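Hi everyone, thanks for making the time. I'd like to walk you through one structure, so please have a look at it with me.

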Amino acid sequence: MNALSSVRGESTRRRGPALDVAVVGGGMVGAAAALAFARAGFATALLEAREPAPWLATDEVDLRVVGLAPSSIALLDDMGVWTSIRDSRAGPYAHMHVWDAENGASIHFDAATEGHDLLGYIVENSLVQWRLWQALEAAGVRRLCPAEVRGFEAQADRIQIELADGESIAARLLVAADGAGSPLRKLAGIETHGRDYAQRAVVAHVSTERPHESTAWQRFIGTGPLALLPLADGRSSIVWSLPEDEARRVLALDDQAFLDELGIASDFRLGRITRSTPRAAFPLKLQLAERYQAERFVLLGDAAHAVHPLAGQGVNLGLRDVAELRDTLVDARDAGRDIAAEHVLRRYARRRRSADTLDAMSFDALARVYAWQAAPLVAARGLGVRLIDCLPPIKRRLAEHASGL
Ligand SMILES: Cc1cc2nc3c(=O)[nH]c(=O)nc-3n(C[C@H](O)[C@H](O)[C@H](O)COP(=O)(O)OP(=O)(O)OC[C@H]3O[C@@H](n4cnc5c(N)ncnc54)[C@H](O)[C@@H]3O)c2cc1C
């Protein structure tokens, strides 16, 4: 639906643009942001280059899945979309078991010990995105799709946004949720830093001899971590991080050889791997924007930070950005301030950038520690993990942090 005509005009009620917020990028994070802002009473538009395909229960499970932490579920629930996601197809998990292929050390997290029913849910990216998109219209979000941003210019009371088709819209605030390659971040002149892991995550959904026991399994191998995440239909979704060459080799294996190698890599924890969907692979990098804010402009989600999937936190960090920005904008409006004033955006940018940086660096440190191969370091790593597993207060802090609550 193209609602450009309704957002081009100026407000007759007040000075300034008719739109409060223009969100660019309708992935999970951008769609959640647009819905959150509209439900908080802001006149919001969502601009997306490609209309998402409807999610259908009869379709094969999307190869891209995420583990949603309690903080993300709380936000989706608050916006009225969680129940329909959960009831469509979501794999609950109550346990997480992580073990080291080199020294046998393991750590186990259990929801009941932490006083919860569950640790989270494994859900398809396309399902979360589609349920959010379905809720946009009722919340009053104006959807501009297909729409691609070519440029923008901040002015005294607005930001003027130029689209590829020559049209132009104005809003008080421009929010970029346009993914790790973020064209808007580049247009804003914001640099990133980080590192290329020179790894790819090979993903597929697999059937296993034994049930997954509603457990997220992760084995750290010298070449990178292998996760087996419990799907709602009893299969497991694998995220197998491998050096580029190894990933290419594994992608090219014939089906039986792939099942056999995956069985060995998973230590046959769920028995033999009996079937697999076709495989896909995603490049892995650590990328942090050097700042999250420019004039009347902020970054959200992967546009601001891309992290290693070993902690399964990428979209969870993005949804925490959404909640923080919504609360910041509401506070500014309630105090009678311009929602895109520099000091308002600085509050959001400072809080989220420091939290995201801490998390991104922790995941990076984990990736480095698990890449150690020298025997004394491998032994020290095992000792550390065994120690943490025996210290309930530290384990609880780790579980609380991962939950985001
Ligand atoms: C293998 C793998 C496993 C992962 N597992 C987990 C996990 O278990 N848990 C977790 O939390 N995270 C996980 N992640 C990370 C998670 O998938 C990402 O953090 C999340 O998808 C990012 O969402 P986003 O909405 O920020 O960006 P994207 O999904 O990249 O969306 C960006 C959107 O912007 C649009 N766009 C781009 N440019 C323009 C433009 N110029 N104009 C208009 N629209 C534009 C694109 O079309 C797209 O729809 C994983 C990632 C990988 C690679």
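Let me begin with the ligand: the shell around it takes at least three residues from each of two domains, domain 1 (4-59 + 128-193 + 286-367) and domain 2 (65-126 + 197-284 + 372-403). Those domain bounds come from an automatic or database domain assignment.

A word on what you are looking at. This is a predicted model, where local features need pLDDT of at least 70 and side-chain atom pairs count only at pLDDT 80 or more, while totals for chains, interfaces and linings use all residues. Residues are numbered from 1 along each chain as its sequence is written.

Back to the ligand, then. How many residues surround the ligand? There are 33, and the closest are Gly 25, Gly 27, Gly 179, Gly 301 and Gly 314. At least two shell residues come from each of α2 (28-39), β3 (65-68), β12 (192-208) and α9 (314-334), and α9 has the largest share, with four. Helices (H or I, at least four residues) and strands (E, at least two) are DSSP runs, numbered from the N terminus. By type, the shell splits into 15 nonpolar, 13 polar and five charged residues. Here Ala, Val, Leu, Ile, Met, Phe, Trp, Tyr, Cys and Pro count as nonpolar, Asp, Glu, Lys and Arg as charged, and the others, Gly among them, as polar.

Now, how do the domains meet? Their C-alpha centres are 29 Å apart, and 26 residues of domain 1 are in contact with 23 of domain 2, contact meaning C-beta atoms, placed from the backbone, within 7 Å. On the domain 1 side, α2, α5 (125-136) and α9 each give two or more residues. That side divides into 19 nonpolar, four polar and three charged residues.

Zooming out, the protein has twelve helices and 20 strands. Its C-alpha atoms fill a box of roughly 65 × 45 × 40 Å along the principal axes. Of contacts with a separation of 6 or more, 73% join residues 24 or more positions apart.

One last stop: Ala 188, in the loop between α6 (183-187) and β12. Is Ala 188 buried or exposed? Ala 188 is buried because 20 other C-beta atoms lie within 10 Å; the cut-offs are 20 or more for buried, 12 or fewer for exposed, and partly exposed in between, with C-beta atoms placed from the backbone. Leaving out residues up to four places away in sequence, Ala 188 touches Ala 294 and Phe 297.

Notes: Near = placed C-beta within 6 Å. Contact = placed C-beta atoms within 7 Å.
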